[in-house]
Structure formats: C-alpha cells, structure tokens
Amino acid sequence: LAAIPHSKLALMFSKNNTKSTLTIDKQGAIFFDYNPAYFNYLLDQLRAIRQTSRKFGYRFRFSPPPYTIPHVNFTQMLVDFGLTGVTN
C-alpha cells in the first residue's frame with residue numbers, strides 16, 4: 001500500500017502518521033468503501049510497482065481494469081488515495 005511514496009495511501013499507513021483517519025470495522029479491520037474488484041486491481045498494480053522498482057526503477061501510470069465501463073469509480077478511488085498523475 002506504500003509503494004508510491006508521499007501518496008495519500010502511503011501516508012495513511014506510514015509509521016509516522018499521527019493523524020490516522022482510517023475507518024475501522026467491528027472486527028478491527030481497516031475498511032475502504034470501494035468496489036473490491038477495483039481495489040484488488042489497484043493492489044495488483046501496486047505489487048507490480050513494488051517488484052519492478054527494486055530492480056529497474058519505474059515509470060508507472062495506473063490504468064483502470066479492462067472490464068470497467070465507465071472508469072469513473074476507479075479514477076475516483078485513485079484521486080482519493082492521491083495516486084493520480086503518478087509517473088515516478
């Protein structure tokens with residue numbers, strides 16, 4: 001989740017985050033109110049960044065899942081997590 005340094009998503013899980021605003025469910029798990037298929041797709045892309053950045057550096061732009069029409073909800077999730085315009 002912290003593959004993109006300084007993104008809002010990475011800052012949420014930073015050890016230095018003293019202003020945690022994460023929503024916790026009754027079981028104590030962190031809750032994100034996004035389509036699970038979209039979130040899983042995002043996780044796959046973050047894993048790819050983590051794996052390739054160690055070896056080669058990376059230049060990456062998030063792409064929506066191929067099965068989503070329209071891409072508005074996926075794009076809004078990226079905006080919420082501060083992952084738009086990422087091309088490190």
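Guide: One term before we start. A residue is buried under 20% relative accessible area, exposed over 50%, and partly exposed in between. Also, this is a predicted model.

Visitor: What does Arg47 form a salt bridge with?
Guide: Its partner is Asp44. The closest N and O atoms are 2.8 Å apart. In general, side chains of opposite charge can pair when their charged atoms come close.

Visitor: Where do Asp44 and Arg47 lie?
Guide: Both are in helix 2. They sit three residues apart, about one turn of the helix. Asp44 has a relative accessible area of 46%, so Asp44 is partly exposed too.

Visitor: Let's zoom out. What secondary structure does the protein have?
Guide: Three helices and two strands. Along the sequence the pattern reads α-β-β-α-α.

Visitor: And how much of the protein is buried?
Guide: Buried residues make up 25% of the 88 residues.

Visitor: How many residues are in the largest nonpolar core?
Guide: That core has 16 residues. Leu42, Leu46, Phe62, Met77, Phe81 and Leu83 have the most contacts inside it.

Visitor: Which helices supply that core?
Guide: Helix 1 (8-12), helix 2 and helix 3 each supply at least two residues. The largest share, six residues, comes from helix 2.

Visitor: How far apart are Lys8 and Leu83?
Guide: In sequence, 75 residues. In space, 7.5 Å from C-alpha to C-alpha.

Visitor: Where is Lys8, then?
Guide: Lys8 is in helix 1. With a relative accessible area of 47%, Lys8 is partly exposed.

Visitor: What does Lys8 contact?
Guide: Beyond its neighbours within four places in sequence, Lys8 is in contact with Asp80, Phe81 and Gly82. The Lys8 side chain reaches the backbone oxygen of Asp80 at 3.5 Å.

Visitor: What share of contacts join residues at least 24 apart?
Guide: Take contacts between residues at least 6 apart in sequence. Of those, 61% join residues at least 24 apart.

Visitor: New topic: rings. How many aromatic pairs are there?
Guide: A search of the whole structure finds eight. One of them is Phe32 with Tyr34, a tilted pair. Their centres are 6.5 Å apart, with 40° between the planes.

Visitor: Why is that pair called tilted?
Guide: Planes under 30 degrees apart count as stacked and over 60 as edge-to-face, so the rest are tilted.

Visitor: Is Tyr34 buried, exposed or partly exposed?
Guide: Partly exposed, at 24% relative accessibility.

Visitor: What about Phe39 and Phe81, what kind of pair do they form?
Guide: Edge-to-face. The centres are 6.2 Å apart, and the planes make an angle of 65°. Phe39 lies in helix 2 (residues 36-56) and Phe81 in the segment after helix 3 (72-80), so the pair ties together parts that are 42 residues apart in sequence.

Visitor: Are those two buried or exposed?
Guide: Phe39 and Phe81 are both buried. They also belong to one aromatic cluster with Phe13, Phe32 and Tyr34.

Visitor: Back to helix 3. Which of its residues are buried?
Guide: Phe74, Met77 and Leu78. They cover an arc of only 100° around the axis, so they are on the same side of helix 3. On the other side, Val72 and Asn73 are exposed.

Visitor: What phi does Gly82 take?
Guide: A positive one, about 70°.

Visitor: Which residue other than glycine has a positive phi?
Guide: His6 is one, with phi near 70°. Most residues other than glycine have a negative phi.

Visitor: Where does His6 sit?
Guide: In the segment before helix 1. At 73% relative accessibility, His6 counts as exposed.

Notes: Residues numbered from 1 in each chain as written. Predicted model: local features only at pLDDT ≥ 70, side-chain atom pairs only at ≥ 80, totals over all residues. Heavy atoms only, no water. Phe/Tyr/Trp six-rings, centres within 6.5 Å; stacked < 30°, edge-to-face > 60°. Buried < 20%, exposed > 50% of the residue type's maximum accessible area, 1.4 Å probe, protein only. Helix = DSSP H or I, 4+ residues; strand = E, 2+ residues; numbered from the N terminus. Core = buried A, V, L, I, M, F, W, Y, C linked by side-chain atoms within 4.5 Å. Contact = heavy atoms within 4.5 Å. Polar contact = N/O pair within 3.5 Å; in protein donor to acceptor, adjacent residues only side chain to side chain. Arc of directions from axis to C-beta. Salt bridge = Lys/Arg side-chain N within 4 Å of Asp/Glu carboxyl O.
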